[in-house]
Amino acid sequence: MSTEAPPSSAPPLPRTRPARAAGFGPLLLRLHFYAGIFVAPFLLLAALSGLAYTFTPQFDRMVYAEELVVADPGGPVKPLAEQIAAARVAHPEGAVTAIRPGDGDRTTQVDFSSPALDVEHQHTVYVNQYTGAVTGQLTTWWTSTPLQTWLDDLHTSLHLGTVGRYYSEFAASWLAVIALGGLLLWWRRQRGRKMLTPDLGAKKGVRRTRSFHAATGVWLTVGLLFLSLTGLTWSEYAGGNFGAAVDALDGSRPAVSTALTGGAPAASGGHHDAAAGGATGSVDPAAVDAVLKVARANGVDGTVSITVPGDTATAWSVTETRALWPIERDSVAIDAATGQVTDRADFADWPFMAKLTQWGIYAHMGQLFGLVNQLLLAALALGLICVIVWGYRMWWQRRPTRAGRRAMAGAPPARGAWQQLPPWGIAVGVPLVFGFAWVVPLFGVPLAAFLLVDYVIGVARGRRDIPVSPAPAGS
């Protein structure tokens, strides 16, 4: 009789290896995928509107050439007092709050307050500094033309007010996360010099698209991180946290004191506040030429903005406004009655954090290096648009196409990626993520929402997939 066991009808079980942590790759892939799907539309809007805003100096000169540009510059310049008088004829109401003298082919700009406008807006009259003729008038926002104001509002809030500002902060909060995550994923796949160039030998399909998507992203990474960090400095929540940190480190931008000793407290701290409260009229704008002469004698050169005080207890202030590198932001306060400089703040004495912030703002706006700065920002915007389009194309190319399994887009990476992290990664990563989320709330809140939704979907699918036990025989 044979002692061999009868053959089993069940297939042999596959040999298994002990489960081990797969590292950060699966989690990075899943996070990058979902962030790309849900955040990319906001980044696309920011890139398109930012691209348009980058060239506002050129757009302004085309659209407002009559107001901003002197057609035939040259000859002696009229005294500022005469230019202000000409502007007053064109704008008889309101108080003169600020003057920006013309230079070269740029006209002089004279700001007037108006009860019909809020504190951030003013009527600006433009004067040909060579002839004294008024060339036009615009309603401006912190010296920005209506077109520049419109493009700025489009980029920062999509013209949706406070709610719209959350879009730009959301995009800036996730831009750095997406860029760094994509860089790490591509480094895990390629490494070395292959990271820098697309795979031109790859056949048409997801592999070729991925190579263009990733290689372009590598080249853009530093620029995208810069845009993310500098953009957050203007944001509602992360920007507030940044400002608090700068104040705690004594890195705030200094400002000159315009309070005159022995006088009554100033009614306003600057020309915008003076516009809101309405200047008393006791300050004669005709003193502007003497004030500017004192400022020039004390080293305040180049393009400047002159703030007219709201009352006689407040000093005039003259501030350099050159945004091109090397920037000039020296400022002095001047008592027009005595011709004395009562206070000054030189850019060279600014705290390094304040300088760094100012450089970042000008570079983000495309002003720090002139046309080169504009072209770099345009290249970043166009590159980001291409990366986003390639990302969605990859999603579409990965869709199932077999009969019975067709879909409009590819399946997401497998769930449970966080369970594959090494213990030390969880121990270190969770506090870091919580800390970053606290500082940048519009990263943390959407991340928490995603994790909650992902967990609920996982639980629901798990319950749905539980097999139903057959009823016992004879029941």
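Q: How many of the residues in strand β2 (residues 108–112) are buried?
A: In this predicted model, buried means under 20% relative accessible area. Thr 108, Val 110 and Phe 112 point one way from β2, with Gln 109 and Asp 111 pointing the other way, and all are buried. So β2 is mostly covered, and going by that under-20% cut-off, the count of buried residues is 5 of 5.

Q: Which residue of β2 is the bridge partner of Arg 100?
A: Strand β1 (residues 96–100) pairs with β2 over 4 bridges, in the antiparallel sense. Look along β2 for the partner of Arg 100, and you land on Gln 109.

Q: Which residue of β3 is the bridge partner of Asp 111?
A: β2 also runs antiparallel to strand β3 (residues 121–127), and 5 bridges join the two. Asp 111 is buried, and its bridge partner in β3 is Thr 124.

Q: At what angle do helices α6 and α7 pack?
A: Two packed helices are described by the angle between their axes and the distance between the axes. Helix α6 covers residues 161–189 and helix α7 residues 206–232, and their axes sit 8 Å apart. α6 passes α7 in a left-handed crossing. The packing angle is about 145°.

Q: How many nonpolar residues does the contact of α6 with α7 have?
A: From α6, the contact takes in residues including Leu 175, Ala 176, Leu 183 and Trp 186, while α7 brings Val 218, Leu 224 and Leu 225, among others. The contact also has 4 polar and 3 charged residues. The nonpolar count is 14.

Technical notes:
Residues numbered from 1 in each chain as written. Predicted model: local features only at pLDDT ≥ 70, side-chain atom pairs only at ≥ 80, totals over all residues. Heavy atoms only, no water. Axes fitted to C-alpha atoms, helices over the stretch in contact; angles between N-to-C directions. Left-handed = near helix turned anticlockwise from the far one by under 90°. Contact = heavy atoms within 4.5 Å. Nonpolar A, V, L, I, M, F, W, Y, C, P; charged D, E, K, R; others polar. Buried < 20%, exposed > 50% of the residue type's maximum accessible area, 1.4 Å probe, protein only. Pairing = 2+ DSSP bridges.
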